Amino acid sequence: MSEHAPPTKEQAQESEASTSKSTPTQVTDGSTAIVRALENAGVEHAFGVQGGAIMPVYDALWDSEITHITMAHEQGASHAADAYGVVSGTPGVCLATSGPGATNLVTGIADASMDSDALIALTGQVPSHMVGSDAFQETDTTGVTAPITKHNYFASDSDTVGKTVGEAFALSETGRPGPTLVDLPKDVSFGETDRDPGEPTPPPGSTPTPAADSAAVDAAVAAIERAERPLCLFGGGVIKAEACEEARAFIHEYDIPAVTTMPGIGTVPEDDELCLSWAGMHGTGYANMAITHTDCLIAVGTRFDDRLTGGIETFAPEAEVIHIDIDPAEISKNIHADYPLIGDAATVLEQVHDAIETPPATREWVEQCSAWKDDYPMDYRTPEDEPLRPEFVVEAFDEATDDDTIVTTGVGQHQMWASQYWTYKEPRTWVSSHGLGTMGYGLPAAIGARFAADDSQDVICFDGDGSFLMTMQELSVAVRENLDITVAILNNEYIGMVRQWQDAFFEGRHMASEYNWMPEFDKMAEAFGAKGWRVDDYDEVADAIEGALEYDGPSVIDFHIDPRANVYPMVPSGGANGKFALTEDQL
Amino acid sequence: MSGEDHDNSTPPKHGLAGRPPEERPHPEGRRTSQGIRIDPEAEAEPRVRQAVVSALVENEPGVLSRVSGLFSRRQFNIESLTVGPTTVEGNARITLVVEETEPGIEQVKKQLAKLKPVMSVGELDDDAVRAELVLMKVHGDEPDKVHAITQMYDGQTLDAGPRTITVQVTGNQSKIDDAIDAFRQFGIIEIARTGQTALARGATPTTPGEEPAPEGTIADEPQKPQTPAQHSDD
């Protein structure tokens, strides 16, 4: 850097350290009000990309204590913010300019919406007087994002814009979480104001009642008491409601087996005797047997996604359904709830827990569930002379790391192996794209997770070769910020899940799923400034993992796995969970 | 349900060990496509019915597109939608006529209630007061007959000229349908229907918790329309 170069933000802050540390931003205009609103909300990190219409807001960040992480692409910013929220339990913040900046955020906002993740997006907009004129970099951002946000706002006044940002923040984490967006015309950001935005306050009427109706609780409890085969189904809502302790206490008190959904992974430790891991399309055989044969399904914080239920007609067909959810609209949306309990998961689980007088007799049922674990083991073969099995790689990483290690993934086969063969023990350690199924989520999510995690926690991104190609530019961010993350690419040179479906349902016609050529990811990582490994054989796995974990910075291991490896069990789309296939010829 | 000896020690080369699907027990029960467990004694096809749903909303920019976007995104069947201000400054009432199954109507109401600008949602009873307005432009060849039919339906002539006559009829949906049928004989050139709007009968509030504007703040009575209007097409 030449001696005339302007200081970086960090240098500038260091030189003013004695006066400016932990001083909240002074409000002088719309932009400083926006930044002050974020500070009042306790925001410490924001992810984004600069650009014309958002420049005033970025300028206000110069003097703020908020750490901004410049991402390579706005999609990366939205995924990083999303994962930051998943790991930290506080909403993630992402910023982008108008037009392409805002539209590039869309995938991450939609992803957060499908997974009910709290996320705030702040987008620049052309000046108010140019809105509607098809100005340079103008997009109808509130129009585009209306269906994928909990609510969005078009800021129209410098005096109130700070309060609006605070409201958007509060709303995103109130009740059922979800993304919110504030569109910020440049003149509103520039406009003078001295109005402090105050503490973030959700809009009136948006805060739900935590406790469920007590008569409804009594009716549900009666159903549990008379059940012979009760089963808990814990969704991502249990983690979002910080209700894992209540969930664990409940199943242990009454000896009720539990399955989770994919977003619910970590609710109950997967090595717990009562835990059957997760159910659904690629869930364990034992989870799917249990959900098929239960006579009383206690579902908490789940929206009965089709990847969980399989065909509606054959889903838990003999079960009375107790559905605990904070969002009344989820009750009987996909699966009819015989006993709807609307409220906060932790509160309602305690209500139910305390109201049970005669616990159901579950000994035989628990034994049956354990027997299914033996009947449908997740074992695989690892012949030394055959290509590397992806399951082996996942298990090797799990063994080499602590229980609090955070796993992020892209979407596809690698995601399923990472969820099946890693034994998750704690909430907020599994970070993935479930509802939207966004390939490319893994690397930016690992970056966001890294900023939210404790320094002692490892962050591992399992990625597919296809998923990694979609957002790998974010590796530049990991190098620049010297983030200690490890990317494990399970490389089969296919869009593997599509290839698996083509083999099963399209007569093996590998249309547009076969890459034939992949970059050498280890060398590419080195070119980015990260550490790279390539692994082809079983005997190289342990060393590469050890090296990557020891390296204090971003590392990439390109595992060349068996290209024919497929994900099982598999419930074909719309099929019965109990009829999961264990091999291709069963499909 | 489990039992017989079964060899799980060696998984297949590609895939997992375990009993194949046809050798597993499967429960007899079923659910309907709406996720309701089927009672074999009383199995019935889901019936579609018409519901009038009233939503009290904050009259902010974009509220109508949020509501209509919700309907298209979730594929709710909507027959009509009307919107207009209430006596409370900044509020508007949206009246929706939907045709859905019972769970579908519940979803409509719950999803509407989740929209931030929507303050309150209610479904109107069958005895609710409903009305719709239609404007019809018909050929003006037989003005006396048009006038007679208009009177029959308590309508008004809004515009009359040598070539066209435009009339207005208000009432419930079936009255409007009948009136349109009756006017067909003259040849309907253009038609505009507002869709139904409705209020609950008697003291029942149309949407739960709804309160009128405080005394003295009610907006001025709307002006009575002047009829008949001046000729416009000669």
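Q: How many bridges join strand 2 and strand 3 of chain B, and in which sense do the strands pair?
A: Two strands count as paired if DSSP finds at least two bridges between them. In this predicted model, strand 2 (78-85) of chain B and strand 3 (residues 91-101) of chain B pair in the antiparallel sense over seven bridges. Within that pairing, B:Val83 stands opposite B:Ile94 in strand 3 of chain B. The two strands form a hairpin with five residues between them, and B:Gly90 in the turn has a positive phi of about 85 degrees. Strands here are DSSP runs of E of at least two residues, helices are runs of H or I of at least four residues, and both are numbered from the N terminus.

Q: What conventions apply to numbering and confidence?
A: Residues are numbered from 1 along each chain as its sequence is written, while chains are lettered from A and ligands numbered from 1 in the order in which they are written. As the model is predicted, local features need pLDDT of at least 70 and side-chain atom pairs count only at pLDDT 80 or more, whereas totals for chains, interfaces and linings use all residues.

Q: Is B:Ile191 buried or exposed?
A: A residue is buried if 20 or more other C-beta atoms, placed from the backbone, lie within 10 Å of its own, exposed if 12 or fewer, and partly exposed in between. B:Ile191, in strand 8 (residues 188-193) of chain B, counts as exposed because it has 12 C-beta neighbours inside 10 Å. Contact means that the C-beta atoms of two residues, placed from the backbone, lie within 7 Å. Leaving aside residues up to four places away in sequence, B:Ile191 touches B:Val134 and B:Met136. B:Ile191 and B:Val134 are 57 residues apart in sequence and 7.2 Å apart in space, C-alpha to C-alpha.

Q: Where is B:Arg74 found?
A: B:Arg74 is in the loop between helix 1 (63-73) and strand 2 of chain B. B:Arg74 is partly exposed because 13 other C-beta atoms lie within 10 Å.

Q: Why is helix 18 of chain A described as largely enclosed?
A: Nine of the nine residues of helix 18 (residues 413-421) of chain A are buried, so the rest of the structure largely encloses this helix. Among them are A:Trp417 and A:Tyr421. In chain A as a whole, 58% of the 587 residues count as buried.

Q: What radius of gyration does chain A have?
A: The radius is taken over C-alpha atoms, and the globule rule is 2.2 Å times the number of residues to the power 0.38. Chain A has 25 Å, which agrees with the value near 25 Å for a compact globule of 587 residues. The C-alpha trace of chain A spans about 75 × 65 × 45 Å along its principal axes. Chain A contains 24 helices and 18 strands.
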